[in-house]
Amino acid sequence: MSTDVFSEFRLNGFTLKNRLGVAPMTRMSSVADSIPRQDVLDFLVRRAERGAALVFSEAIVTDYESAQGYPGQARLLTQRQIEAWKTVTDAIRTRGSVSIMQMFHCGRVAWPEVNPAGRTIAPSPETPRQDNPLTGKPYPVPDTMSAFDIQHVIQGFAETARGAVAAGFDGVEIHGAHGYLINQFLSRYSNQRTDHYGGALENRYRFAHEVTTAVREVVPEDHLLTFRISDWGVVDPKVSLFETREEWQALIRLLSAEPIDALSLSTYDFAAKGFGTERTVCQLTRDVTDLPLMICGKIHDRQTAEAALQDADVVLSGKSFLFNPDLVEEIRVGKSLPLYRSEDANVAYTEKPLR
C-alpha cells in the first residue's frame, strides 16, 4: 500500500483532509478545576488551523478517585470542564479538522498523593521496577482491584466519554497503551490475577472488552471510537509487554471484533522490527486486521510519513507538532525537519506558553 500524505481518508462518517494528525500527549497543564491552561487549548486549535486533519486532546483521566497518575491532569466530568473543551472542539471543526478525546486510567503508574482517594489501584499488587521519575522514589504497592473497583473504573470511562460527546468531540479514544491500567490488565508482566481477569489472554482482555462495551454504549454511532495499543510502557520501557508475535496478533484479533473505528499503534520507531521478526509492528498488525490503522513513532518529515503510510492509514506526530506549528506545510513542501528526542518534549510539562 502506498498512500499520498495529502490524500483524503474516510474514517467512519468523517473525511480527513490529509493523513496527518496531532498525537495525544500526557500533560500536566491543569491549573484549576482539572481544565488545561488556555495556551494549551489554543495550541490544539492552532494545529488544526495550520493543517492537521486530526487533533487529539491530551490524555484525560477518567475519574475523581484513582485514575490520576501525575499532578495537574485534566478531566472531563463537570459542566465547567465540558464548556471549556466545547470552545476548542467548535474551533477545530470550523478549521475543517476532526477532534478526538483520549482518556485513560494510570493504575499502578501513580502515587497516592495525587489521587483524591489517596491510593493507587491495579490488577495485581505488582510495582514497576523503575522508580517514579517525578518523585525519585519507588512506586507504592497498589491495591489489588476488587470487583467493585473494576466496575467503578469502567463507569469512570463511560462518564468521561459522555462528557466528551457533550463537549463536542467528534470521537473518543480508549488509551490501552503505555503500561497504564488497561495495558496492565492485558500484559502478563503486570497482571498476576487468578480470577477471570487473569491468566489466559482472553481473560486478561476481559477488562478492555468491558471498558470498550461501556464506552460504545454512550458514544453515538456517528462518532468515532478508537483504541490505542503499544508493546511498551512509560516505565520499565525496555520490557516487552507482550511475549510473542502470536500473542500480539491474538490481541489485535480480539480488538478487531470490538465496535471500534480504528486502532492507534504507539511505537518508539515505526520502522523497527517487532517481536524478533523481520516485520514492523504495523505490518504484523495489518496482517490480522482490516481496521484502519494510525501510527506514531519517529514520524517527523515527509519521508518518514510516506514510509509509515506504506502500512498505516494515518500518521500521528507528538513532539514535531509540539515544537512546530507549521509542520503540515513544511511536510507538504518536503522541508528537511529535525527528529526531536523525548527529553526535548519536557517543555510540554512546564509553564512556558506553547506556540
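Biologist: Is Glu221 buried or exposed?

Modeller: In this predicted model, Glu221 is found in the loop between helix H6 (206-218) and strand S12; helices (H or I, at least four residues) and strands (E, at least two) are DSSP runs, numbered from the N terminus. Relative accessible area, taken with a 1.4 Å probe on protein chains only, sets the classes: buried is under 20%, exposed is over 50%, and partly exposed is in between. Because its relative accessible area is 59%, Glu221 counts as exposed.

Biologist: Which residues does Glu221 touch, not counting residues up to four places away in sequence?

Modeller: Residues are numbered from 1 along each chain as its sequence is written, and side-chain values use heavy atoms, with hydrogens and water left out. As the model is predicted, local features need pLDDT of at least 70 and side-chain atom pairs count only at pLDDT 80 or more, whereas totals for chains, interfaces and linings use all residues. With contact meaning heavy atoms within 4.5 Å, and with residues up to four places away in sequence not counted, Glu221 touches Asn12 and Arg216.

Biologist: Why is the pair of Trp232 and Tyr268 stacked?

Modeller: Trp232 is buried, with a relative accessible area of 16%, whereas Tyr268 is partly exposed at 45%. The ring centres of Trp232 and Tyr268 are 4.4 Å apart. The pair is stacked because the planes of the two rings stand at 25°.

Biologist: Which residue lies over the face of Phe6?

Modeller: A charge sits over a ring if NZ of Lys or CZ of Arg is within 6 Å of the ring centre and within 35 degrees of the ring normal. Over the face of Phe6, at 4.1 Å from the ring centre, lies Arg332.

Biologist: What space lies in the largest cavity?

Modeller: On a 1 Å grid over the protein atoms alone, a cavity is a set of points where a 1.4 Å probe fits but cannot get out, and a pocket is an open set with protein on both sides within 12 Å along at least five of seven lines; lining residues have an atom within 4 Å of a point. Grid points are joined across faces, edges and corners, and a volume is the space filled by probe spheres set on the points. The structure holds two cavities of 30 Å³ or more. The space in the largest cavity is about 80 Å³.

Biologist: Which helix gives the most to the lining of the second largest cavity?

Modeller: The second largest cavity has a volume of about 60 Å³, and its lining residues include Val40, Phe43 and Leu44. With three residues, the element that gives the most to this lining is helix H1.

Biologist: What volume has the second largest pocket?

Modeller: This pocket is lined by 21 residues, and Trp232 is among those that lie nearest its centre. Strands S12 and S13 each supply at least two residues of the lining. The volume of the second largest pocket is about 310 Å³.

Note on methods:
Rings of Phe, Tyr and Trp (its six-membered ring) pair if their centres lie within 6.5 Å; planes under 30 degrees apart count as stacked, over 60 as edge-to-face and the rest as tilted.
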